[in-house]
Amino acid sequence: MTTAAAIVVFGCVNDKNERYDPVVALAFEPVMHVTVRSSETPVPSPADPEGLSFGVNAWQLPEGVSWESSQAAAVPYLTGTRLVSDGPRWRPESGDNWPSNRYTLTCIGFSPYDAATRCDSSDGVVFENIDTTTDPGDLRYTLPQTDLTKERNGGVVALPMQHALCEMDFRVKGKAGYESVKIAVKRITVNGIATKGNFHSLPEPHWDLGNETGQMLFFDGSVEIGDTPRTAGTARRVIPQTLDGSITVEYEFESPSGYGIPQIDTAAPFKRKLEAGRYYTFTLTIGPDGIEIVPEKPEPEN
């Protein structure tokens, strides 16, 4: 009788100490940092599902064990899993829930879903054989979002998506002293630019470019220039790099007798450190005597 009573009491104590562990659907909230001018600060905004696709990898560790100290021991929980939009949230296409509250998750996201070659705990997100002579898409990744629990933020994991590429475009204007001359720009090409490479996000975001450089066409059409700068073409995605090249412009100006005279000129050197997530606009002045790259105004010191 006494033994039975003790067992009942012991059982009641266990029930009271058992941690509440509800089933919680795993959800994600990709946050897209907007590409900004080189002097501005990125502005985050929630992801609009139209035209976007995301993937995620996740690893679990026992509660109390940090990703920083035990990354190699982490057990894969999601591997290359596509996320699908569910109203304001994104959920694993596989429908996974959070693991038991005895475990934490570390997550790495990427976009577009089909662009990533792989994602793992050592190299992070990997984009291989990227060629920017055609548009590779808006390549994005997250740094590891570490040691997450389902009790935080209602079970929603924020994925702050960072840019792997930058963007560049050109504006053109007439040179002072040639206001009466009609000039139409036909083509703008950047020479000596790296257009192919491989990217990995860990242990630090890095592009492997090799030694090969080439040409990249930024404008092919016709735009008549004037006293104020005009955009020639649209922005193109570019691999971040330390650029040391030149710019070739094909244009046509009208002679005093009314004949169109085609001309090709190259401005060199064209040097610039291009950083991921930035938007660069370069202005060219053009006249019958050639082209020049307008020096950029230095950013104010903090």
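Buried here means under 20% relative accessible area, with exposed over 50% and partly exposed in between, using a 1.4 Å probe and protein chains only.

A word on the basis. This is a predicted model, where local features need pLDDT of at least 70 and side-chain atom pairs count only at pLDDT 80 or more, while totals for chains, interfaces and linings use all residues. Residues are numbered from 1 along each chain as its sequence is written, and side-chain values use heavy atoms, leaving out hydrogens and water.

Now the whole chain. There are 302 residues, and 42% count as buried. The secondary structure is 2 helices and 22 strands. Those are DSSP runs numbered from the N terminus: helices are H or I with at least four residues, strands are E with at least two.

Back to aromatics. Rings of Phe, Tyr and Trp (its six-membered ring) pair if their centres lie within 6.5 Å; planes under 30 degrees apart are stacked, over 60 edge-to-face, the rest tilted. By this rule there are 11 aromatic pairs. Tryptophan 59 and tryptophan 67 have ring centres 5.4 Å apart and planes at 50 degrees, so that pair is tilted. Both of these tryptophans are buried. For phenylalanine 127 and phenylalanine 199, the centres are 5.9 Å apart and the planes at 25 degrees, so this pair is stacked. The pair links distant parts of the chain: phenylalanine 127 sits in β9 (residues 124-131) and phenylalanine 199 in β15 (residues 196-200), 72 residues apart. Ring pairs also join Phe170, Phe218, Phe270, Tyr280 and Phe282 into a cluster.

Next, the cores. A nonpolar core is a set of buried Ala, Val, Leu, Ile, Met, Phe, Trp, Tyr and Cys residues joined through side-chain atoms within 4.5 Å. The largest has 29 residues, and those with the most contacts inside it include Phe170, Val185 and Val249. Among the elements giving it two or more residues are β13 (166-174), β14 (183-193) and β19 (241-254). Apart from it lies another core, of 19 residues, among them Leu61, Phe127, Leu202 and Trp207.

Last, a sheet. Which order do its strands take? This open sheet of 4 strands runs β17-β14-β19-β20, with antiparallel pairing. Two strands pair if DSSP finds at least two bridges between them. The edge strands are β17 and β20, each pairing on one side only. Between β14 and β17 there are 8 bridges. Valine 190 stands opposite methionine 216 in β17.
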